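I opened this notebook to record what I looked up in the structure shown below.

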Amino acid sequence: MPVFDKNIEALRKRYPFIVEEVMEIEPDPSKYQVETASSGLKTLRVVQDLQFDSIKFYMHSKYNPVSEAENFAKEQYKIETVVHILYGFGMGYHINEICRLMKPESKLYILENNINVFHKAIEERDLTDIFTNPGIELIISGDAGKIANSVKSLINDGINFIIHPASLKAIPSENEYFRFVMENWNIKKSISEDYLKLIDDNLKSNLQGVNPNVGVFFEKFKGIPVVIVSTGPSLDKNIDLLKEVKGKVLIFAVGSALRPLLVRNIVPDLFIIIDPKKETLNQIKGFEDIEIPMIYLSSIYPGTVSSYKGPKFIACYEKGQLTTGKDNYLIDPGGSVSTAALDIAIKMGCSTIILVGQDLAFIDGKNHAKHGTDLDINTPELKSMRRVRGQNGEMLFTTLGLLSYKYWIEKRIEKENRQFINASEGGAIINGMKHIKLKDVITDYLKESFNIKQRIKTILEESGNAHVQE
Amino acid sequence: MENMELKREVIDSAVEYINKVVLGIGGIVEDFQSGREDKATNTMAQLIDGLHWLLQAIEGTKDVQGDNFIDISAVNPIFSQLTEAFENTDYVLLGDLLEYELTPIMKNWKERLTFVQEELRNASI
């Protein structure tokens with residue numbers, strides 16, 4: 001019996017719905033190329049179309065897929081953990097090796113979203129051992145939603161999640177968000193212990209401080225618009241227009257935007273720093289005495305907190321960090337300083353939330369606006385980089401991190417009943433926001449004037465903060 | 001004579017360094033194969049710098065290599081394949097090329113450089 005039929009027969013007994021999906025498709029041989037490895041075993045090369053070109057990559061070694069799979073299983077499979085979830089079936093070599101390490105009570109869930117890859121695997125290799133293994137359960141479907149639903153119920157603290165990297169790349173491009181979720185999961189798993197220790201040390205020090213909580217700002221800016229100034233490369237295009245908006249809008253800067261704003265004599269109304277690393281000191285260097293409120297996340301570098309001489313407000317992201325017991329003071333930082341600023345702006349009650357410099361992508365090879373970072377603002381653009389759709393329909397280069405902020409923002413604003421405007425002149429489209437040039441936002445949306453200074457002064461007085469802005 | 005002394009020193013460093021390269025490649029391959037792509041790509045950048053120095057060292061000492069002359073152009077096709085694999089983020093192929101194509105060449109170069117080192121030592125006695 002041909003190997004394909006043998007596999008299908010075994011598969012049908014436990015997974016008739018997977019057989020249905022497999023039988024519906026015929027992989028395009030120009031995109032799924034089977035090659036014979038030097039060891040005589042089969043490997044698969046996938047050609048994936050991008051917008052203007054394509055990338056091609058192997059699923060397994062073209063020299064010795066078994067030895068490669070042994071290394072993978074040895075490193076990724078934790079024998080002492082009972083339940084594992086593996087993303088990526090590939091041709092199954094790594095699964096064969098994992099099976100050798102499994103104990104009778106072990107459970108392995110295998111997820112796969114690319115039916116073409118799976119089809120090729122069952123054409124080329126006898127996989128009946130995997131299909132009949134009682135410790136293994138296959139969750140294979142071209143419908144990413146189906147996989148997500150099945151996985152939800154499996155996620156517990158005790159599981160170990162394994163990614164087969166080549167399979168992750170082979171997730172069809174129409175399921176980009178699903179791929180992002182899988183990849184993000186993998187990255188979270190790999191956060192280094194050094195980084196966690198840094199955060200822990202920072203927290204210990206910052207939580208001993210006596211600065212009031214940012215929660216005192218919440219709901220105090222109802223009816224007032226805010227512009228959140230981030231330092232994406234497009235900020236250079238419209239930053240000068242911010243000179244015209246003082247008093248008409250709350251200017252809320254991320255730490256890295258302080259310098260670009262202040263060198264133009266644009267003084268923001270408040271700013272925020274969230275990064276735990278020492279480098280944030282540079283963001284306030286020379287501006288320690290500017291006397292505008294600084295909001296800082298509880299995990300930032302404590303030296304930055306102590307160096308700043310103006311009024312300071314701590315933002316906490318976990319219940320245990322709150323001394324007041326007011327749960328509504330918690331913020332959701334969302335991973336970046338501009339997402340944290342957005343969350344706080346929403347909680348402050350701002351009626352219209354306007355973003356500038358929120359590119360979420362590289363523009364003409366630049367990663368930041370001028371003065372927006374101490375590091376090189378140029379990023380070489382490589383074919384292998386992630387891409388995101390730009391405001392003019394173009395595809396822009398980006399990173400997984402920036403993409404995660406885009407998705408976070410889109411989710412965060414989904415249920416908020418107020419206006420969100422992306423006035424960044426360039427960069428990625430943010431779904432759920434209007435995209436309007438800052439010049440037009442100023443004319444059409446910022447007609448009223450507000451005594452923002454007075455409002456902040458009142459908050460500072462009420463919070464007992466020693467520094468009162470004049 | 002001074003020039004000769006300098007070349008001897010370069011060969012000594014190259015021998016020492018090529019050992020590290022072989023070990024380094026092994027580590028990168030292991031990282032790629034075991035799913036630690038981030039670590040592997042970071043170390044790759046260091047390896048590329050190191051290889052660049054090694055090629056210069058070999059090129060600069062070709063007049064003293066004698067019978068053990070090393071033709072550095074042998075790695076050109078591998079480098080272009082490595083570049084292509086890198087552009088495609090094909091880390092499986094990248095690992096393969098390092099393990100099965102570049103490592104044997106490095107091991108061969110290591111032997112040759114060791115011979116050259118010995119010859120130069122003997123000549124100076």
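For the charge entry I counted Lys and Arg as positive and Asp and Glu as negative, with His and the chain ends left out. I note that the model is predicted.

Entry on charge, chain B. I looked up how the charges are placed. Chain B carries 10 positive and 23 negative charges, and their mean positions lie 6 Å apart.

Entry on fold, chain B. I asked which elements make up the chain: there are four helices and zero strands. Read from the N terminus, their order is α-α-α-α. I found that the C-alpha atoms occupy a box of roughly 50 × 20 × 20 Å along the principal axes. I then looked at contacts between residues at least 6 apart in sequence; in chain B, 75% of these join residues at least 24 apart.

Entry on surface, chain B. I read that 46% of the 125 residues in chain B are buried.

I traced an open sheet of four strands in chain A, in the order β6-β5-β4-β7, with parallel pairing. Its edge strands are β6 (136-140) and β7 (160-163) of chain A, each of which pairs on one side only.

Entry on one strand pair, chain A. I followed strand β4 (residues 83-87) and strand β5 (residues 107-112) of chain A, which pair in the parallel sense over five bridges. Which residue in β5(A) stands opposite V83(A)? I identified K107(A) in that position.

Conventions. Residues are numbered from 1 along each chain as its sequence is written. Chains are lettered from A and ligands numbered from 1 in the order in which they are written. This is a predicted model: local features need pLDDT of at least 70, side-chain atom pairs count only at pLDDT 80 or more; totals for chains, interfaces and linings use all residues. Side-chain values use heavy atoms; hydrogens and water are left out. Helices (H or I, at least four residues) and strands (E, at least two) are DSSP runs, numbered from the N terminus. Buried means under 20% relative accessible area, exposed over 50%, partly exposed in between (1.4 Å probe, protein chains only). Contact means heavy atoms within 4.5 Å. The place of a charge is taken as NZ of Lys, CZ of Arg, CG of Asp or CD of Glu. Two strands pair if DSSP finds at least two bridges between them.
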